[in-house]
Amino acid sequence: TNDAAPPKRAPDAAIDLELLKHDDFSKWRATKHHYFVKPSADGSIQIDGVPPGDYDLVIQLYEEPAGCLVETIGQKIVPISVDAATNIEPAIDLGEIAVECRSGPRVGSDMRAFKFIDASNRQRSVNDMKDRYVLFHVWASWCAPCIATMPTLKAKVDGLKESALTVVGLNVDETDQQAAAKRMASEGDWNWSMNYLGSDSPMMRQLAVSSVPAYYLIGPDGKLVMSSNRWSDVQAKLDSEFVDD
């Protein structure tokens, strides 16, 4: 489980994807000789000055974030051996590395099967919301960009309360943080539907959420109109859909 310490292993043993899930992985990694590199815009990477030895290239991919990272959409581990000659002459060319990624819904995707708890504490589905827009808003109490946009989100929700719009909050705080998240929602009078799911719930994986805040606007036909990590994009779209409200 994520609460367990990283399993003990031989110093020269390769790591595996299960190890990456442990909460203490970053502490374990800090005890090892390691490098951190961010790919360039074209996806290429270059790491200089690596001493001879056997390494694991850990690739972790996220959607382009506008806030806080919560979950990868794809991971892969590639074993690499660096010998003394490599540091003298040509670098190791790793070629193209394919990483299988989970994909969330795209514009036009059918969202009718998604279920949520509404503001009256009833389980509903997007399919029940016929003739209404549904806005999924993914957030976390520890995410500064999420909290910063809450006042404008609330103002928009209040301004559209007579409109055909249902707003559904999807909170990704873990169990031990949810009390704080619920307190924030109460104190902020965020009186739309709130669902406390955690970061690794089936719904988060189906949406392929990798950073928060995240927004999914669904049309009256149950199909995805747009998704974005930026509230300004969603606000502009709502302004265009509810011109006279």
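Author: Leaving aside residues up to four places away in sequence, Lys 156 touches Trp 231, Gln 235, Leu 238 and Asp 239. Keep in mind that this is a predicted model.

Reader: Is Lys 156 buried or exposed?

Author: Buried. Its relative accessible area is 16%, and the cut-off for buried is under 20%.

Reader: Which residue's side chain makes a polar contact with the side chain of Lys 156?

Author: Asp 239. The two side chains are joined by a polar contact of 2.4 Å.

Reader: Where does Lys 156 sit?

Author: In helix α3.

Reader: New topic, the sheet. What's the strand order?

Author: β8-β7-β6-β10-β11. It is an open sheet of 5 strands with mixed pairing. β8 (193-196) and β11 (224-228) are the edge strands, each pairing on one side only. From one strand to the next, the twist averages 15°.

Reader: And which strands does helix α3 touch?

Author: Helix α3, residues 144-159, packs on the sheet and touches β6 (133-139), β7 (165-171) and β10. The direction of helix α3 makes about 160° with that of β6.

Reader: What about helix α4, which strands does it lie across?

Author: β6, β7 and β8. Helix α4 covers residues 178-187 and runs at about 170° to β8.

Reader: Back to β10. How many bridges join it to β11, and do they run parallel or antiparallel?

Author: 4 bridges, antiparallel. Strand β10 spans residues 214-218.

Reader: Which residue in β11 stands opposite Tyr 216?

Author: Ser 227.

Conventions. Residues numbered from 1 in each chain as written. Predicted model: local features only at pLDDT ≥ 70, side-chain atom pairs only at ≥ 80, totals over all residues. Heavy atoms only, no water. Pairing = 2+ DSSP bridges. Helix = DSSP H or I, 4+ residues; strand = E, 2+ residues; numbered from the N terminus. Axes fitted to C-alpha atoms, helices over the stretch in contact; angles between N-to-C directions. Contact = heavy atoms within 4.5 Å. Buried < 20%, exposed > 50% of the residue type's maximum accessible area, 1.4 Å probe, protein only. Polar contact = N/O pair within 3.5 Å; in protein donor to acceptor, adjacent residues only side chain to side chain.
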